[in-house]
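Subject: Structure handover

Hello,

Here is the structure for you to look over. My notes on it follow below.

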Amino acid sequence: QVQLVESGGGLVQAGGSLRLSCVASGRALNPYVMSWFRQSPAKEREFVARITWDDGLTTYGDSVKGRFTIARDKAKNTVFLQMSNLHAEDTAMYYCAAGVLSYGRIQYVDWGQGTQVTVSS
């Protein structure tokens with residue numbers, strides 16, 4: 001089991017930036033795909049971005065491409081989500097998740113508690 005602790009959320013004006021962090025512990029992360037998801041009360045959970053821990057390959061959701069960047073620091077066992085040019089629609093609880101490949105799909109096995117991002121317009 002991987003323990004995940006998110007931080008970095010807060011209140012920001014539209015057009016501003018925030019950087020979220022997710023510190024992982026408990027297991028070696030080499031087999032994992034680390035991802036960010038978000039969810040607001042009015043919407044279903046939405047994929048934001050993911051990165052393969054071993055070789056750093058990244059994938060982004062369409063709504064954040066060009067504005068968000070995911071990265072990892074292997075020495076600190078931390079995944080970051082740099083968010084720029086934030087919109088009011090980015091307001092949500094952001095969750096970090098650790099997934100493994102299973103039969104060609106990513107199965108997310110561990111989740112953090114989330115960090116709230118609120119963007120004022």
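A nonpolar core here is a set of buried Ala, Val, Leu, Ile, Met, Phe, Trp, Tyr and Cys residues joined through side-chain atoms within 4.5 Å, and buried means under 20% relative accessible area, with exposed over 50% and partly exposed in between (1.4 Å probe, protein chains only). The model is predicted, so local features need pLDDT of at least 70 and side-chain atom pairs count only at pLDDT 80 or more, while totals for chains, interfaces and linings use all residues. Residues are numbered from 1 along each chain as its sequence is written, and side-chain values use heavy atoms, with hydrogens and water left out.

Core

The largest nonpolar core has 29 residues, of which Met 34, Trp 36, Leu 81, Met 83 and Tyr 94 touch the most other members. At least two residues of this core come from each of β3 (18-25), β4 (33-39), β5 (46-52), β7 (68-73), β8 (78-83), β9 (92-102) and β11 (115-120). Strands are DSSP runs (E, at least two residues), numbered from the N terminus. Contact means heavy atoms within 4.5 Å. With neighbours within four places in sequence left aside, Met 83 is in contact with Gly 16, Ser 17, Leu 18, Leu 20, Arg 67, Phe 68, Tyr 94 and Val 117.

Strand pairing

Two strands pair if DSSP finds at least two bridges between them. β4 pairs with β5 in the antiparallel sense over six bridges, and a hairpin of six residues joins β4 to β5. Trp 36 has Ala 49 of β5 as its bridge partner. β5 in turn runs antiparallel to β6 (residues 58-60), joined by three bridges, and Arg 50 is partnered with Thr 59 in β6. The hairpin of β5 and β6 has five residues between the strands, and Gly 56 in this hairpin takes a positive phi near 75 degrees.

β4 also pairs with β9, antiparallel and over seven bridges; here Arg 38 has Tyr 94 of β9 as its partner. β9 and β11 are antiparallel over three bridges, with Val 117 in β11 as the bridge partner of Ala 92. Six bridges join β9 to β10, again antiparallel, and Ala 98 stands opposite Asp 110 in β10.

Backbone and chain end

Asn 77, in the loop between β7 and β8, has a positive phi of about 50 degrees although it is not a glycine. Asn 77 counts as partly exposed because its relative accessibility is 26%. Tyr 103 is likewise not a glycine and has a positive phi of about 55 degrees; it lies in the loop between β9 and β10 (105-111). At 84% relative accessibility, Tyr 103 counts as exposed.

Ser 120 lies in strand β11 and, at 28% relative accessibility, is partly exposed. Ser 120 and Gly 10 are 110 residues apart along the chain, and their C-alpha atoms are separated by 11 Å.

Cavity

On a 1 Å grid over the protein atoms alone, a cavity is a set of points where a 1.4 Å probe fits but cannot get out; lining residues have an atom within 4 Å of a point. The count is one cavity of 30 Å³ or more, and the volume of the largest cavity is about 40 Å³, taken as the space filled by probe spheres set on the points, which are joined across faces, edges and corners. The lining consists of Arg 38, Gln 39, Ser 40, Lys 43, Glu 44, Glu 46, Glu 89, Thr 91 and Ala 92.

Regards

Methods: On a 1 Å grid over the protein atoms alone, a cavity is a set of points where a 1.4 Å probe fits but cannot get out, and a pocket is an open set with protein on both sides within 12 Å along at least five of seven lines; lining residues have an atom within 4 Å of a point. Helices (H or I, at least four residues) and strands (E, at least two) are DSSP runs, numbered from the N terminus.
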